[in-house]
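Me: I would like to learn how to read a few features of a model. Please take me through them.

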Amino acid sequence: MIKKGFICCYSLSFLLLCGCAEPKVLDKVGLITTMGFDIGKNGSFLGTLVGLKIDTNSQKDVVILDSESLSIRGIRSNADNQTSKRLTSGQLRVILYGEELLKNGKIRIAPILTSDPAISDMTYIAMVDGRARDLLHVKSSHIPDIGTHIYRLMDQNTKSKMMPLSTIHEVLHDHYIIGKDPVLPILSKLDNNGVVYKGVAIFKGGKLVGKLNTEQSFYIMLINDKYKSGTKDIIIKSDSSKLKGGQGLTNKTVASLDSIRSRSNIKLINKEKLEYEIEIKLSGRMLEINSPIDIGNPKNMKLIEKEIKKSMKKDIEQLISFCQSKNSDVFGFGDIYRSSVRHSNLTEEKWYKMYKNAKVNVKVDFVVIRTGLND
Amino acid sequence: MKVQYQPKQQYLLNTFLLFFIFHAMQVGIGIQAFERIIFSEAKQDAWISVVLAGIFSHVVVYIMIKTLQINGTSDIYGIQITVYGKWIGKILNCFFIFYCLLAFMIILKNYIEVLQTWIFPTVPTWLFSVSILLLVIYGFTGGIRVIVGVCFFSFILSIWMLGLIGYPLRYSELNHLLPIMETNIVSIIKGTHKMTLTIIGFEILYVVYPFLKEKDKVQKFAHLGIAATNILYLLLMLLSIIYFSPGQLEKTIWPSLTLFKIIKLPFIERIEYVIITFWLLIILPNLLLYLWAAIQGVKRTFGKKSKWVLLIFILFIFIPSLFFNSRININRLNHYFSIIAFYIVFCYPFILYALSLIRKKLTSTMEKMQ
């Protein structure tokens, strides 16, 4: 009796071994690595998908598909009509937005994509100067796979802190918080068919309001993030005769810093009048300065440090007033206000009104740690 | 039926296993989603709600153990019959049995929903139901000692997940916790109330108590178990607040699982797929013990053989589990269940304690008078 039951159960359990889930065999699917979105006609989205397909017979395993649809998910389904292999989005690495789309405040594409569990929260998001489709159609002999190329470019630059971290999680985090706006890196097409990181786009409530170049985006990361190793060329604007440029091709004085370590702190010092203090401490190695100054002399070193501090402070103040004029709170001043004022009941509208008139004091502390092998 | 219940020597459990029983029972399906529910009430002070709920559960367990100690070696089924008499006692016993089965179903349905949304959108519900229920039947036939063994292993084998907390911690901002105590007290209490579905599980003590060997150590291990769970909940709550921004947290259905969505290991890019399937091991002790408690109830109240009862109960769970498939329906089911659970787990122990105390006083004075 027991034996009979045992055999019954045993054989029944084999039924569980049959796979009921939809199988996704690598040879039979196309892996989307990059998605680009643009505005199409009549309120539709133009999508450009870059995918990889495993095909032993074909020379190229990269496919670029153009499709158009009224919904975000529809873009993929429509693209399926053009492929021999079913598209899956589990390997999606980069999402690109066309500039026009962001001007219309369509940053919400990313949240729509995150409701698909297949898409990782570590997917990068970037804005394209112009149309995303044009960038993805770049044909160049040294870029065999544009999707992977863009991913590597962003990954490498994010890790070396040249580019702000703009994963889906990070962008949504800043988008869904009152008193902080996200930033997206801007990618652009080069004339000779390459891709270049050009700067950072700033937003107001999900709408593109301005662009910053890479010089300025350095300061955004300096304030929002910690540096463990970074590089930066700084133009010293100084009246001191010792620091006249001219050794190089330009008459500007340029110091090149690397191995930058930094730490920053934003404090709300006046709650009524809304006054902030940003304290930045950074140190680095100066390997190059195009001025005939003797850097072996401690006095001169002090002068250089002082002038660099001054130049940085000026740049940062300019950046902040630019962001204020565009009403984009990339540093999260609003969140600091919310967290330090009780019962502030902050709303987006209220904050944007306050933010315009906020006063920000910048304090920069800079030390040259060493100057390399030469004095 | 006999009110006092002394299981045979070979079925007895070491009391320290109560720690694992409690932890395994409390951590189940609620932990995947509670952060958002509490946060929508108490905002950045949600962690205070979690702490309050934890303290309250300690109090309830203390009262539960006191109630059990008054009544010698008996379980809730025996106590209810001594306190209320034969008929009302039996009806209340049926309620408790029904509650256990309902809890079983809630856990099953929620887990299947997670599986279907995250990993297998096309696999039908019945298949998951059948395969999990077969596993439960198999585990149940092993008896209480096997079931408690599952609790133990579920704890030991899932402890590695705690190590993954470090990843989301890197992207967190402590600012989100400030200002502390900004939310008013009413909202915090509301949040505490919403913790019900997450924190319940320790009511199993009412049934498991006669099986524990050293009765004097019950208090110690029960509280240790609850404290461990509470610390885990507190950690997850804090982590969710500092990792997600408020708007994000309110939109995420399963914050605990989404937390793991950013983890990328060199050999496996999406660890949450592993975690979700691994979760079966975490909910298995829940399912087993609730089913066991229900069947134990039938055995104690009506003296029926457990084999047929098991089959009937499994059918009783399987057939309704095929319905309620949409998110809205499951949410509604959870909502009603959490109301029932709140009264049964958090309010009823006090009444039962008071009544058994009165009964004991009365009988002792009666004895004195005689």
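The dialogue below covers strands, domains and a chain contact.

Reply: This is a predicted model, where local features need pLDDT of at least 70, side-chain atom pairs count only at pLDDT 80 or more, and totals for chains, interfaces and linings use all residues. Residues are numbered from 1 along each chain as its sequence is written, and chains are lettered from A and ligands numbered from 1 in the order in which they are written.

Me: How many bridges join strand β8 to strand β9 of chain A?

Reply: Helices (H or I, at least four residues) and strands (E, at least two) are DSSP runs, numbered from the N terminus. Two strands pair if DSSP finds at least two bridges between them. Here 6 bridges link β8 (residues 195-204) and β9 (residues 207-213) of chain A, and the strands run antiparallel. A:V200 has A:L212 as its bridge partner in β9(A). The two strands form a hairpin with 2 residues between them. In the turn, A:G205 has a positive phi of about 55°.

Me: Which domains does chain A have?

Reply: Domain bounds come from an automatic or database domain assignment. For chain A it gives domain 1 (24-225) and domain 2 (226-375). Their C-alpha centres lie 31 Å apart. The contact (C-beta atoms, placed from the backbone, within 7 Å) takes 21 residues from domain 1 and 28 residues from domain 2 of chain A. On the domain 1 side, β8, β9 and α8 (214-224) of chain A each supply at least two residues. α8(A) gives the most, with 7 residues.

Me: How many residues of chain B are in contact with chain A?

Reply: 21 residues of chain B touch 19 residues of chain A. On the chain B side, α13(B) provides the largest share, 3 residues.

Note on methods
Two residues are in contact if their C-beta atoms, placed from the backbone, lie within 7 Å.
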